[in-house]
Amino acid sequence: MNEIIDMSEMNELLSILEQMEDEELAAKLLKELNDKTKELGGLIMNRDPNLQHGEWKAKSDEAKEAVDDVVRRIQGFKK
């Protein structure tokens, strides 16, 4: 995944979560995905004018990796 999650990928992730037998784990993963994408979105929109470019880039890369990690974990439950 090189870009932000597109709608078709999001639909696939939601489908995987809906099919999981462990509803508590599915809810936890959905919340984590939501939190991580929100953090990444805030950085992409560059809402913090005090961030220097290098710091912004490092935080953005870290946030993107966190989103990718959650996506991989959800995809691991694909049947």
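Q: Which exposed residues sit on the face of α1 turned away from its buried side?
A: That face carries Met7, Ser8 and Glu18, where exposed means over 50% relative accessible area, buried under 20% and partly exposed in between (1.4 Å probe, protein chains only). This is a predicted model, in which local features need pLDDT of at least 70, side-chain atom pairs count only at pLDDT 80 or more, and totals for chains, interfaces and linings use all residues. Residues are numbered from 1 along each chain as its sequence is written, and side-chain values use heavy atoms, with hydrogens and water left out.

Q: And which residues of α1 are buried?
A: Glu9, Leu13, Ile16 and Leu17 are. Seen down the axis of α1, these buried residues fall within an arc of 100° (taken from the directions from the helix axis to the C-beta atoms), so they line one face of the helix.

Q: What do they pack against?
A: They pack against α2 (23–44) and α3 (53–75), helices being DSSP runs of H or I with at least four residues, numbered from the N terminus.

Q: Switching topic, where is Glu39, and how far is Glu39 from Ser60 in space?
A: Glu39 lies in helix α2, and Ser60 is in helix α3. They are 21 residues apart in sequence, while their C-alpha atoms are 8.8 Å apart.

Q: Is Ser60 buried or exposed?
A: Ser60 is buried, because its relative accessible area is 9%, whereas Glu39, at 41%, counts as partly exposed.

Q: What does Ser60 touch?
A: Leaving aside residues up to four places away in sequence, Ser60 touches Leu40 and Leu43, contact meaning heavy atoms within 4.5 Å.

Conventions
Helix = DSSP H or I, 4+ residues; strand = E, 2+ residues; numbered from the N terminus.
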